[in-house]
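Dear colleague,

I am handing over the structure below, together with an account of what turned up in it. Please read the notes with the structure open beside them.

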Amino acid sequence: MLLPVRKAGSKETVLYLLAVSTVPPTDRDGAIEVPEIERRRGGLSEWKARCWVYVNEYNRDVAERSFYLDPTADPIGAFGASFVNKIAVAFRAAVLAKASAAVDRQD
């Protein structure tokens, strides 16, 4: 899952990339289960197992300098706005509580 953020006055877009996985979390607060309707919206309906968006670890990248992001690729889907908001709230809480670890991709 991709959460883009552009700071005021900046020409760069910071990307926060959250993993979506079929591996159940060991920490209940570390991930949010993706409901069936959101799996369909997100283009993940081929996954027969339950899946989760992890908020306790993320990759940080800059879109304009990324070696990992292909801006010409077609998206496979998109979660609904209310589900994205739920994820963003949980992610923000994890970051503020220092319960989320960053992996910087600008290496």
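Being 3 residues apart in helix H1, Glu-38 and Arg-41 are separated by about one helical turn, and they form a salt bridge in which the closest N and O atoms are 2.6 Å apart. A salt bridge here is a side-chain nitrogen of Lys or Arg within 4 Å of a carboxyl oxygen of Asp or Glu. Helices (H or I, at least four residues) and strands (E, at least two) are DSSP runs, numbered from the N terminus.

Before going further, please note that this is a predicted model, in which local features need pLDDT of at least 70 and side-chain atom pairs count only at pLDDT 80 or more, while totals for chains, interfaces and linings use all residues. Residues are numbered from 1 along each chain as its sequence is written, and side-chain values use heavy atoms, with hydrogens and water left out.

Buried means under 20% relative accessible area, exposed means over 50%, and partly exposed lies in between, with a 1.4 Å probe and protein chains only. Salt bridges that share partners also join Glu-36, Arg-39 and Arg-40 into one network. Within it, Glu-36 forms a salt bridge with Arg-40, with the closest N and O atoms 3.4 Å apart; these two residues are 4 apart in helix H1 (residues 36-41), and so are separated by about one helical turn. Glu-36 is partly exposed, with a relative accessible area of 38%, and Arg-40 is partly exposed as well, at 46%.

The search of the whole structure finds 5 salt bridges. Another of them joins the side chains of Arg-65 and Glu-12 at 2.8 Å, N to O. Arg-65 lies in the loop between S4 and H2, and Glu-12 in the loop between strand S1 (2-5) and S2, so the pair ties together parts that are 53 residues apart in sequence.

As for the chain in general, its secondary structure comes to 2 helices and 5 strands, which follow the pattern β-β-β-α-β-α-β when read along the sequence. Buried residues make up 30% of the 107 residues in the chain.

Helix H2 (residues 81-96) has 16 residues and reaches 22 Å from its first C-alpha to its last, close to the 22 Å expected at 1.5 Å a residue, where the expected span is 1.5 Å times one less than the number of residues. In H2, Phe-83, Ile-87, Phe-91 and Ala-94 are buried; they cover an arc of only 70° around the axis, which puts them on the same side of H2. That arc is taken from the directions from the helix axis to the C-beta atoms. The face turned away from the buried side of H2 carries the exposed residues Ala-81, Ser-82, Val-89, Arg-92 and Leu-96. Just after H2, Lys-98 takes a positive phi of about 55°.
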